[in-house]
Every structure is written in structure tokens, then in C-alpha cells.
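Visitor: I am new here and would like a short tour. Could you take me through it step by step?

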Amino acid sequence: MASIRGEKSHRIIEQGIQVLINLTHRGACGCDPETGDGAGLLIQIPHKFFARECQSLGFTLPEPGEYAVGMTFLPVEKHPRLNCEGVLERIIREEGLGTLGWRDTPVNGDAIGRVARASQPYIQQIFVARPAEMDEDAFERKLYVVRKRAELEIAESDIEDKEFFYIPSLSARTIVYKGLLLAPQIANFYGELSDPHAASALCLVHQRFSTNTFPSWKLAHPYRYVAHNGEINTLKGNVAWMHARQSILATELFGDDIKKLFPIIEAGGSDSANFDNAVELLFQAGRSLPHVMAMLIPEAWAGNPHVKPEKRAFYEYHASLMEPWDGPAAIAFTDGRVIGATLDRNGLRPGRYVVTDDDLVVMASEAGVLSVPPEKVKRKGRLQPGKMFLVDTVEGRIIADKEIKKRLSERQPYAEWLKENQITLDQLPEPVRVHASDHATILSRQRAFGYTDEDLKMVMEPMAAKGEEPVGSMGTDTPLACLSDKPQPLFNYFKQLFAQVTNPPIDPIREEMVMSLISYIGTERNILEETPENCHTLKLPHPILTNRDLEKLRRVSRGDLLAITLPALFNAKDGEAGLRSALDELSRRASLAVKSGYSLLILSDRGVDKNYAPIPSLLALAAVHNLLVREETRTQVALIIESGEPREVMHFALLIGYGASAINPYLAIETLEDLAARGYLPGGMTPDVAVKHFTKAINKGLLKTFSKMGISTLQSYRGAQVFEAIGLNKDLVDAYFAGTTSRIGGVGLSVLAREAQMKHEFAFRPVTDADTELAVGGGYHFRVNGEYHLLNPETISKLQRSVREQNFSSFQEYADLIDTQSRNLATLRSLMKFKKARKPVSIEQVEPAKEIVKRFTTGAMSFGSISKEAHETLAIAMNRIGGKSNTGEGGEDEERYKKDANGDWRRSAIKQVASARFGVTTNYLVNADELQIKMAQGAKPGEGGQLPGHKVDEVIARIRHSIPGVGLISPPPHHDIYSIEDLAQLIYDLKNANPQARISVKLVSEIGVGTVAAGVAKAHADVVLISGDSGGTGASPLSSIKHAGIPWELGLAETQQVLLMNDLRSRIRVQTDGKLQTGRDVVIAALLGAEEFGFATAPLVAMGCIMLRKCHLNTCSVGIATQDPELRKKFTGQTEHVINFFFFIAEQVRQYMAELGFRKVDDMVGRVDMLDVQPAVDHWKAQGVDLSAILYNPPLPGRVARHCVQAQDHGLEKALDHELIAGAKDALENRTPVEMRFSMRNVHRTVGAMLSGQIARRYGSEGLPDDTIRIHFEGSAGQSFGAFLAKGVTMTLEGDANDYVGKGLSGGRVVVYPPKTSRFAAEENILIGNVVLYGATSGEAFFSGVAGERFAVRNSGATAVVEGVGDHGCEYMTNGLVVVLGSCGRNFAAGMSGGIAYVFDDRMDFTEKRCNLASVDLEPVIEPRDVELVRGLVERHCKLTGSKRAKNILDNWAEMLPRFIKIFPHEFKRVLGVSRTGQPYIPGQPIPVPELVEALHG
Amino acid sequence: MGKPSGFMDHAREAATRRPVAERVNDWFEIYQDFPEEKLRTQGARCMDCGVPFCHTGCPVNNLIPDWNDLVYNGRWKEAVRQLHSTNNFPEFTGRICPAPCESACVLGINEPAVTIKQIEKSIVERGFAEGLIRPEPPKFRSGKKVAIVGSGPAGLAAAQQLNRAGHWVTVYEKADRIGGLLRYGIPEFKMEKRIVDRRLEQMEAEGVKFVTNAHVGHSVPVEDLQREFDSILLAGGAEAPRDLSVPGRELKGIHFAMDYLPQSNKRCHGDVLDPAADILATGKRVIIIGGGDTGADCLGTVHRQRAISVHQFEIMPMPPADRSPSTPWPLWPMQLRIEGAHEEGGIREWSIATSEFTSDAKGDVKQLHGIRVGPPPKFEPLPDTEFTMDADLVLLAMGFTGPVRNGIIERLDVKLDQRGNVATTADYMSSVPGVFAAGDMRRGQSLVVWAIAEGRKAAAGINKYLTRMQEARPAKPKANSNVRRDLISV
């Protein structure tokens, strides 16, 4: 809230609080419904109020600006409190300031929740005087120094309860009121906010939904300058680099005081807190707040050719200063004078604003947070990706993004500076000599670096052939690196982290424009200065260096760019000692090199020979990186890796993630050259092409890996360490990978040395024909002498025999093979054993198997990934035993909703809702017992998928509501889940559509999954599923199958622990899956905290799967993972096989329960105390593994339930739909048309979904006749207006609406137009929010106004007219019809494969700037039927919304028509051409329109 | 993998046998050449399974999917190497192995399996033809010496492995030629003996010493071996034949298969045999007792010797034409097999037990008296099914009971297992330190491919043993290898 003219009033605060209250649904409360995750507000110092108050306290305040107010949180106990106060006063004194006095801030403890009260600090305000000689800015800087000193000193003191101490704000301009509150509590808690004398011209409010950190008083927003909605994905890297660059920070403004500010980034903060710390430094050091924001959160300038050169130079200059802090982020910021907000490049957070005619601005995450009479609205708008919105209360005006950026770009001659200082590889002289490949020695070197046959055959050759990372299927079942007998690359001990729920992954292909592999290397300079030298860097377009590139760098001599090569080898025979001393020596030489002025350190393992083995490249890098960080010289050099080791995407990602600037994978290059020279690459590919393809594949893979984590640029991925280590011991991690989580201990330097020795020994023993050239590998495909696989010929055939012959004892044999892993350690659970029960029970006392099997589910496998026969066999089996099967993400044939004549039911109890929303109609939702939101998948967390057109046959297309032959893309994120509050919204949407179904959220194990699960519990999910990393897949990139996610044991244990410690476990059921195969697996899962269990691979094997691992090729020879009609005939699986499998499992579970003394599964859930570590594991690696993190049992009182005992409160009773349903009684019962009127506000969410559910229950997907239920609304609609609206309902809204209008539209009609009394031009103002019509399958929508980003994303059948859209319009659209009567944002039609869009190109820049032409053709609208179609829709739009724009177009039709452009997807064109007329599609030739219309509507 | 849809696009095809009328007139191998183009197509049928059951179905764990793909892609040189990395003698198994890999082939679940054996044979033949298979003498010598007793597939495989590992290897063979069963058990028409010679040449060039007519425990004292060698491998096979104890067994004209087949092989070598000991089927009515592989070998040999008639009796019931449900995939199927010899003539009968032989006055066998029996395990005689059949030559091919006693086993005093085979540790070492056993001698009667597998594993065990010994004490000087011949009293 702000007054543009800077007029202070109490009303601004009042309204700010009102806004906060109207956004309550976006926050979270924990186990105690009265305790929120935090809320707060920031206002200007209310001088009048304080003047009065202080007077009564006996001291007089000087004029505004001459004093500062410090809001302080203090220990409650008197003694430590006084201690803290004393320290603060002393520091104030020492810094040359004076304390005027203290004021006890009156607070009302009764206004807040029990948990909040328990941790409530004592809150006081301190008043500090500004010395007369000090100007305001200098005063603020001093206050900054005071605060930092006080924080540090008290944190390091031994004052009791010092953790209470915190200074929310200390400024002469602004003050922050915040706490562990719910939005409505703030005014009651801080009574003075209601004092009429409390006045401000601006008010920044925030309510928190914490997901990555525990809620606390300190971590409530706003911070001193910002309030943040989102996440900083690149946080680890940003913080590390901020620390690293501290040593060279300098500015005249602070002089010696600068040291007092260290550490710049406070420990223990959240991402937002850390971000605020960085903002504060840059701001106080002299940059304006908008400048700081543009520097930290730059627009996507690199991939956008339309960015103005000056602006590009501004961003590029700053990119060489600092890596971006990558969102998703909407940041509101203020310094008390300007107030504004910015959105990161991806624009994944909503920001809507209104400007009124009395110059008030309200901006919030939602529209309608404050009711403003329509006639008073001057303008409505939204935050756009990468753009800034700014109010300058002193200048008294709104400053447009363009002007801000223009001003910033003109500050300095950035372009000239770049031209003079920045260097590219092309500018460097050609090297005299380049390393050539050497066939004679390549084999021993490949062996020394651990290359396997599979590396060549399954990873490198495909990359060289296609320029893409290879794809595999069926997950992984090999041992963790720390349990494997084979020597592993160090890389294999790490797992990629990925985004789930709290931050969305990105689509690096369709949204390539935000991605960048560019990096700047060289010596970093003082970021507080702005000099030409700051951009004296070497710019690399991507991180892979050819041998030629590297030689150029090695010889570089420009400015202060100077390179040195340091050997990264060790004497193999010296083992651990040798490795350690080589690392020390390498680090020492690196340190010396930095001191001697080298700016590029090339760590090289060239020169491997009989004596010398390579130091694992990641270890060499980490050793040097760490030493330089300690010596605070890290930012002065770039580390470049010249190594034979890296050969697949994960290797490169790790090297970059731990700080490498560039990598020369010389042996990988040589290997490809060698393969090419020997003619082993397809089509006689030349070595050059092979290397080029490989580089391309790695680069694409890197972008994919970054995007999984929601990171857009290589710069901010570098050093971000977004990995978790599995099986590295503490010493090793502390020494080389500090900051990386490694929870189970494991191997250290000695094992790494031994692994290097093993490879080295193999490399340099004589090569004979009796060996394969390279080790067989066996990591992907089973091989004797390769890696162990849980699913091997023996286990597969034993399992199949046992279920086919219904032979429990052969099942036991199978299970023994899996469970007795003493010789073949593979999983964490193989290291566990059961404790002896004090009182075993007899097996008869254990609950019967038929009860236990109800807890079993089958995994989400879509119809499409597996055949109809396989899918239905599973469903029937699960329905027969009372378990649950899962549709997967491909929808479900409606004919399966009815039971078969024999009583069998082919309906899947669990309906999955995944990112593509294929086939997610209202009818689909109501025919479910459980709705599962898939946030991630074990085999490829953070990634989308693609079903190529040739697999989309008539049936699949019908069920997925798409067009046969047209490819289908699953986006990486759910476009309606960019944050935890969005997830809560989707849960609410689904619960509305089907109140009887329980809602489950599927997560994948990684560090932090417990906190996410707690968020999920707070978002009111009924079930959370923790998937392991090893689960199956129909198709995933191999690096994802192998390297993303962690075992379920860790994720489940963490989830159970976090839920327990937050007392949330009682509210949510926990399920786990990921290669569960035996009764023992189930019992361990139960003891670790799961009450339900999912299986996918094992039941498939029971049905005949033989792990061909060819699901992605559609060539499954046993008819399971194929749609080929001939292959499907080969399916021989039977329902009984599946049932036998589950009963065998249950029977085994019972046997274990009897031994453990449990009668009911519920008694067993969470009883981790019954688990122990398998003693005396005699394994050279496993010895170091420590499971105590998994087996930790939080000491909690008995009343804290260890399993789910109560239902979630979904708050459905407050839904407006109850009134709609009551009003529509006649229509529902007798199809009698009805009409209703309501007014609404943003708190009315998901309106129409519950009503639609009722319609679908009664009338199926047919719905009601058109217009049977007509509802008129007035006001601002909350999120998900018209979600899943069923056929027969028309909802008209006069006003505006938030995000997700018409989500999953299922035949209904939504009409939105601005209030008739409003004065602005509809086509220029924002009307509806982001992600409108997401996953709509049919129906109509007319919007007289502008929509936000991603309009009609994944539309697969709805028809819509709108008057303007933001970025990414019609993304991933597969069917339907969209007409845009106004301007479009960027990247229109990205990934669009079906349907048609018509755009009225009013700015005449659509073709050039707006559209992503990768998958669509643009054509004029000239075909008569085309013209007729568009005109008809515009006429309808005009009639339904009263649109002036439409009327204007119609009035001038002849003139306007040529400005329409038809957006026609290639694939759609192709299938229309082929399938309808039998003629192949000829580019450029028009498709007959009747067929087109038929295709769209037929 | 070469072609994901290969198995859908191409039907199984393997080399055909030469016409019966032609092949029974000679002793050449019965299979025709298989064109390369077709072979590559067959390679394309391999599905490159994530879990290749063939690979464990094969006792030597051949890297089958790998070389199938290499063949499909025409990368012969690497195929030859991959093949030899698990199997020393693919030219033997490619001819005479019953191919358990193929019965474990995943494609075999519902389609004819990949022609693995054909591909194996083609790779190795191409390897020989193109000179890719050359002697590979070790690059260094450990100074350790190993004596291998028996030159069948187990002994030879072990010999090659150990020699390549750098140890001095001497192979002792009691017969006049090296090769054991490969040479004297397997008829020429299944594997021409030049195939064995070719491999032996390679091994000799690599440094393996062969000593023939050296019957360890008889003509060669065991103690000499123990004195001169660091380790001994027993690979003497399971040559004690199972006998038929019925009246008339002692009659003339009743012979063990392994007395009959070697003679035929010697004739093929051009040897002139002692007419008194000759066993020939020419002009005779022949009955072969035993329906297994050896029986079939006898059968083919009998055909080529032009018998008047030949019957083959088996006590077990006739197996089903297709895989029996009791042996589901990927198990070795119980199933009727029709070998080349069966195509060539003769009558096979099942569920027949022999009760007596009768003779003419000269004591030559003339009749076999038999009866039909019920299924195992009782083999109950069926009433009124007695019959008599004329026979001039009866060949007993009923399998083997274990190693021949009364020789090296007793001299060394190695412990035997319950079945009478040499008992060993997991490293294939017998109860006597330094003495190892492999092949049929350890395992009992089995396939050539198992013998190779055993030989390789025993070699690994011996290598480990010798390496440890090396670490424990440096090699002591031993008699020079060229004086070793002196030890042997020929």
C-alpha cells in the first residue's frame, strides 16, 4: 500500500492490515491452528505517534529524520535482557551515536497462538539520535554497523537466551512489526498499529508459508528492505560467493567500518533473510534500491535478442560482477522513500496492482485484496517477468520499468567498458600446438579413469550420434556407490537436488529464453565499486572447452588474465598417503599461484602413466576451492578442469556445482574421436561432428540439470553445491565438500585412493584378448562381473514362478535373495536388522493379510506408458483386494468407471493429477477415491516428459483429450504450483471437485523433503507419498535415473522425524515407494514411519516384466510397456499373479510382525526403535556407513501421535459453492434452468468446482444442457474461478479475477469483463491472473481484458477469446482454439503441438518478437472458413462481454482482418494433412478448413 | 543396441544342415555356412535386454547381447575379443553346445530365441579366417609352474588362462593326442578335429606344453608332479561309464559308447586300428541304449558306418514336443530334441528298459530283451510289453558315474564328494593344498561349456593361490621346462 504522493495517513496502515487479512489463505498455520508461520509489516516511522509516546516516557524525540527507531526482540528473562540492552547501548555509544531512550512495546500475548507465545521475545523499541554533523545516509550506515556489531557480539557472547536477540529494524526511515503471527492477529498483537496517530505513506505487508526453514519470530517478513514471495534456488552458491568476496569489499562510504559488517550474510537466516542482507550491503554502499534489485535479480537478457543494447550492456556488466540470485521470486522492496516490487526472469509469482484516482497504489499477490470502487480505479496492472514496478513517494509518481532501466543503463558507459575490457575466446590467438588423440594409449587411460563399456556404448555413443543425452527406463536397482564392490567415480557418491513444491523446475527447452550457459571468468573485483576493470573478464559461451580452446587459455596473456597448469596426479602405489599429500601439494601450489598473480588455474590430470593415477577431478577441484576460500582469495581466480574423467552430464554438473568455471574433458573428446576414426559412430560421422554433438548433449543436459533445481543460469549454478552426498564420511566432507549434506557417513580418502588404485592397476596390467577392453560396467544393464542388480535373472524368475504357481515357499526363496544382501549390499535397508521383540506374538494374533493388503497401492504408471491390458490387470487386482491402483498421468477411459458384468472394476482408485493434466476432467476427478498430485517422480524428479506423436494413437488421444499423432509434452512444473501456497490452492481445488476423495501429494526423497512434507501437511493434504530415487519410469534421461534423488529410507525417516517434531504427523498419512520388493522392505518402511506402501516394478515383474528396459522404445516383448497391438498380444499377466504377489508380501509382513510383537500395522508405524544396524558388515566401503540419522527417534511425549489419527480440516464448509449448489437444486435434480447472482471477493476461491463435481457425479462428462445454470458474480474473484467448470454452467464475472481462472475447464463457460462503471481501457488493463485455462479440456471462455502469463497453458480443448496475454501464451497447447485480440508477451506458442490460435497483432511485432516459432507456422487468415471462425468468435465475445475492442475490430473488419495471424502447429498440420485427406502435408499449402474445424470440435 | 524392433521384423533363421543323403556319406560337419548378411539380421533380433537371461543361462557368462550388437554393426574384431573374454574356445561351444543360453533367451518366452550359438560360431570362425585370433604369449612370466592332468575342455581352458597369466603350464594327456573328449568323444561330423588342432597350435605358440601318452598316476608318477610343480589341476573328466547290469551284459558286441566313438575318431584321423579290437557298425543291426547326446553321437556314427538298422532306446518317457511346464523359462527345458543324427535315420523309442541280452553260440550278442516301463522314479514294467529285438551291436550310452578311480585320485588321496567327484573349495582347490580340480572330474558329467567354465574358474583359483604363494615367498628355481620331458617314461 502506498500513497504515490507520499501523504502519510493512518488509513494506509489500516488498509495494509486489511490486505494482509484478505490474504490469510496464502499463509500457513502449523499443528496449533492459532500459530501462523509468521506475518508482519513495514511502515515509515510514525513520528507523531512516537513523539507522543516518548514524551509520556520522559524523553523528547527530535524532528523526524534526526532519530532512528530500533525494533528489538530481546530475551524474556530480565537479566539477560538487560545484558543485551547494555551491549546495544554500548555499541551505539562506541559508534558515536547516542541512545535517547527505550520504550516497551505494548503487545497482547492473548492475541496469538500457543506455540507462538512459547517462543515470543520481549519486544522493545530503542530510540537513537542522529549527531548533528551526520547526514541521513551516513546515519543509516552507522545504524547498519551498530546492528551488525550487536548481532555478532551477542551471538558470540555467553548471555543466556541470547537466541531471542534480534533487531527487526533499526532505521530513521522505516520500522518493522513482525512475529510468529497469523495475518489477522497482527493488529491485535501490536496494539499501537491501531493508534490513529500511527501514520505512514507506505505499508509493506507479508504473511509467510515457510517451507525450507522452521517458522520463527525472526524469520517472519518483512526484513529491513524486502518482503519476498518465493525461493532463492541458488542460495548456497550466492552465500558462498558473498563470503568469498568479502575480503576485497571496500568503499569510501564505510572505510574501516566495512569489516564490522562481516559476515555480510548472517548465519541461520532463510533465503529471504540472506537476500535482504545482500540488498542491505549494496544499498548502503551507495547503489539505489532499484539498481540493487536489477543487479541481483536480472531480467533474462542473454537469450533475448530484442533487449536494447544499452540495457544489455548494463546487465552484462553486472553479470561479470555477480551471479544472479535466482528465483522464483517476487520481491517487494522499500527504503522508506521508494517502494516497489520486482519479479524474477521466470515470472512465476503473481503480482497485481491497482492505481486509484486518489493516487493510492495497492499491489499484492492477488487482485481484489482491497475493495476499491470500480469507478475510482485508474489503472490495473501486473508485475511482469523481469520487470520492476516502482513508486517514488518523494517524486510523487510511478516510475515505469522502461524508465528505471533506462536510467540505470545510462549511469555509466557500460557498453564501452565491456568493449574495452571483456575478452572472448575468438579474440585469443590460435595456439601453436594442440593435444592430438592417441589411439595407442587410449585404452589404458580409459581404464585408469574407470571408463566402462557401458559408458561408451550407452552414454557417449548416443550423445555423439544424436546430440542428446540417452534415455532409459525402469529406474535403477544397483547398489549405492558406497555399497558397491566396484570402484566408482567420486561423482557417483553425489545425488542431484531438485525443486519440488517450494520452487518450480523450469522447462529448459520450451523456455530456453530464460536459460544461459554463459560465464565470465577471471579475477573478481570489489563489487561495491563500479569501474571499467570490473568487467575485465573472459566470456565463455558455455563451459566445455575443446583442446584448442584450452590451449588458448593456457597461453592467454591479456590484462591480468594469466594461466598456470597444476598437475592433479598422485603416485598410485602410495595409496591414501599419496593421495593426501598430492592434494596438499596441489592446494599449496594453487595458493602460491594465486599469490603470484595467476588468475586462471588449470587443474590437469594429463600425464597418467604406470606410476601416476589421476586424483578424482572433483576432489582436486574441491581441495583447491576450499583452500582458496579459506585464504579468501577464491574470487581472484577461475578454476579450470582439464581432466580425462568427466564424460557424462552428472560429472560436468558436479564440477560446475562445486566451482569449476570451465572443463576440458580431453579423454571424452579423445574417446569420441577414436570411435569416429574407427568408424564406430553411425553414418560415418567425423570426429569433429561427434565432439560437437557430445558438447551439445552435455550443454543441454546441464541446462536440464540446472532447471530441475529451478536454476536458470550457469553463473548462479556454479558453486551452488545443489547436491547431497550419500556415503561420504564427515572428515572428507568437512575437508573438501563443506556445506554439502552427507547423512550416513561412509567412505573417506582411503577408499577413494583404493578405488583409484583399482582402476590404475587394471589400466596398466597387460592388455590381452582374454579381457574385455574396458570393464563391462553393468550399471545400466545386468552383467555378470558388473554391478549387482536387485532384479537379476534369479530373482525375476523366482518371483514369476512363485506367483504363477501360487507357491509361497518359492516366493520366500525369492525374498531371501533380495533380503539377504550380506554378500551383495545394495540398499540402506540391507544394512539394517530387526531388534528382538520383548514379547513376540503368535501369527494368529496378527491382523489378517486381507487387511494388510488394503495398505498397498500400485505405482503411477500411465496408460500410454503401459498397455491397456497391463493397466487394467493391475486395476482389477487392486480393486479385488481392496488396495489401490493408480491411473498415472494419462487420464482414464470413462468406460472403466462402471463395473464389469463379473463384478470386476477396471477403475483406478487413485487418479493422478500431474503437470500436463492429461485427461483431468471433472468426471475423472469425481471417479476417484484418491487424487494424487505428482510433484516429482523418483526416476526423474524435476523433469517433464514427452510422448512422441507416433505413440499417440486414437485411444490414447481420446483419453488424453488430444489429437492422434500429435506429440504431447508434460511440463516440468505444475503451472499452478510455483509455491507451497499454490499447492494448498490445488489441494483445495481438487477437494472441492471431489470432497470424498483424499488428496495425496507425491514427493521424492532429498534433503529437506521432511520440511516440504510438513508444508504439505499444513497445506491440508491427506496423504504424503515419499518416493525413493530408484523407482521405475517409462522414459528418463539416464543421468536422472542414476543421479537424482535419494533412497526412500532417508526421505521417509526425515519426513517422519520432521512431522513428529512439528506435531503434524497425526494429521497426515505417510506412504512410501521406490523398489519395495519384499515383506521385509514393507516392515522396515513401516518402522521408519510409513503406513501405506506403493509397489510398481515388482507387480510388473509378477505380470511378466523381464526388465527388458525398453519401455521408452515401445518394444516391450511381453506386452507390458508398449502400445504396439502385436506386442500387446504377448501379454500373459493375470490378475491372480498380482494378487498372489500382494498376499505373499502381506503374509511375510505378518510373519515379521509376529516376531516383532505387533498385532496391527498401525502399532508398528514409526517404531524405529525396533530397527538396528546389521552388525559386522564386512565390506571395505560399507564399514563407514552410519545409519543413526535414519534410526533417530525424536524424544517426544506419548500424546504426539506417530501415525495419522485425525482428518485434515479442509475448510470446505466456507465455500461459496454450497450456496451455488443450493441455488442450482432444480437444475441438478431436474435439469431445470436456474439463474443466480452473487458478489464476491478474493477470499472466495475455487468457485464452481464443487458444483461441477455434483454435475459430473450425476451426469458424467455429458454434463447439463448449455446454460442450464447461469451465475452472475460481481467483484474480485479469488484464485481458481471456474475451475473444472462442468458443461451446462455459465459463470459471468463483472470485475476481475486472480490466477487459474478456468483451470481444468470441463465444458462450462466462463465470462469475465471489467465493471461497467470502470473508466480504463479494458484491452490495456489486467483482468485475469496467470495460468488461465490450465489443462482445460473443453468449454468456452471470454475475457474482456488482459490475462497474465501462460494463458491457456496446456489447453487441450477449450475455446477462448482474450484481449491480451502475458509471456508464454498457449504454451504446450495440444488442442482447442484461442483468439487474442491484443498484445502478447514473449514466447507465445512454445511447445504448442495442437489446436489453433489467432492473434490480432496490434503492435505489429508478433512474428518478430513475440512468438516462439520452434513448433508452429504463422499464416495469414485468408481461408473463408478461417475468417468466418474468427469473426464468429469475436462477435460472440463482443456480445457476451460488451468488449469495446471487439466492437472496434468488427466495425473496421476489412481493415483489421489482415492484422490477424494464425498460429498453426507443425504437428497438427501434419496429422491433419495425413490422417484426414490421406495426403501428406505440404508446407505452405492451406489445410481445408472444414477438416480443421472438425478436428477442433469433432 | 542396433535395432530395437529387430525381433519383430525378422524371423529366426539358423544354418541349415546339409541334406541327409549327402552328409551320411562323409564325415564332414553337417551344418552349412550361414551368410553374413543373414547373420547380422539375426544379431538384430537380440533385444539387448536390461537383464539378459542368456548371459547367466550361459555357464561361461558369454557377453551375448554385447556381441550380438557388435555383429549387427559389423564390428567383428571387437566381437571376437568380447567373445574370448569369457570363453576360451567358442569354436567348440559354437558347434557342440546345446545352448542353454538360447533356452534362457528372453525372446524365447514367446518367440523363437535368438540364434546365439550360430552367432558365436560365426564370430570365432571369422576371427580365425581373418587372422584375428593369434597367439598371445604372456608379457611376463611368474616363474610358477602348473601341471594340468587331462586335456579336455576343462584342462585346456585352465591351461590357456594360466599360461596367459604368466605361469608355466604343462598339460598331461593319457591318450596319444591332446583334446580329451573334444577329440575322441565328439564325432567328426559334429566337430572336425582340425578345429581342435587349430586352437592347440595357438596354445602351443603361447607357451603351453603338451605331453601325450602320459597317464598320470600310472605311467607318470604323481610324486614327480608334486615335486616339480607348484600346483596341479585335475581335469581328467568323468570317464567311468554307467553300466547295465543285466544278464548277458558280458556278451561280445556290447560296448560302451566311449569305447566305440574314439575308434571312429581315430579312423577319421587316418589311424590304422587293431582289427581285433575294432568295433564297427557296418552291416550290423545296432541298438543304442541311452537317448542322450552320447547316444545321438553313436547314432550318427552308426549311420555313417552303414548299419543295417539302428534303434535307440531310452528308459525315460518321451518328452513333450515343447517346453514342459515343469521347466518354465528361463530354465533348461524338458523337451524333445531332434539332433542331426536323428534326422538321418534310426528308430527312437522311449520308456524302454533292457532286461537281458542273448547270444548265438559264439557268444556274440544277437538279441536284446526289453520291456516298456512306466515313468520315473519307479519305472514300473508295464504288463505284457515284453519284446525281443535282434541286435549285432549294442552300444551303451547311459552316461557316466564319475572320475575313474584307481589312479591319480587315490595317489593324491584327494577327498571326494558324495557323488564321487573331487570335492573342492569355492576356489576349486581339493582337500590337498595346491591340488585343484575342474570339469567333469569335479562337477560330474556335464557339457563342454561347463568344462570351459570350470577350467577358467579353477585357473582363477590357482592364480590366486600362486599369487599368494609368490607374496609369501619368492619363486624357487625349478627344473627348466625343456627337461620336463625327461620325467616322462614314454
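Predicted model: local features only at pLDDT ≥ 70, side-chain atom pairs only at ≥ 80, totals over all residues.

Visitor: Which helix gives the most to the side of chain B that touches chain A?
Guide: Several elements of chain B give two or more residues to that side, including helix H4 (53–57), helix H5 (64–72) and helix H6 (76–86). With five residues, the one that gives the most is H6(B).

Visitor: What is the area buried between chain B and chain A?
Guide: The contact draws on 40 residues from chain B and 38 residues from chain A. Carbon and sulfur atoms give 57% of the buried area, which comes to about 3,400 Å².

Visitor: How many salt bridges does the rule find across the interface of chain B and chain A?
Guide: A salt bridge needs a side-chain nitrogen of Lys or Arg within 4 Å of a carboxyl oxygen of Asp or Glu. The side chains of A:Arg678 and B:Glu78 meet in one, at 3.8 Å from N to O. Across the interface, the rule finds six.

Visitor: Are the rings of A:Phe1141 and A:Phe1142 stacked, tilted or edge-to-face?
Guide: Both residues are buried: A:Phe1141 has a relative accessible area of 0%, and A:Phe1142 has a relative accessible area of 0%. Planes over 60 degrees apart count as edge-to-face. The ring centres of A:Phe1141 and A:Phe1142 lie 5.1 Å apart with planes at 75°, so the pair is edge-to-face.

Definitions and conventions: Residues numbered from 1 in each chain as written. Chains lettered and ligands numbered in written order. Heavy atoms only, no water. Contact = heavy atoms within 4.5 Å. Buried area = accessible area lost by both parts, 1.4 Å probe. Helix = DSSP H or I, 4+ residues; strand = E, 2+ residues; numbered from the N terminus. Phe/Tyr/Trp six-rings, centres within 6.5 Å; stacked < 30°, edge-to-face > 60°. Buried < 20%, exposed > 50% of the residue type's maximum accessible area, 1.4 Å probe, protein only.
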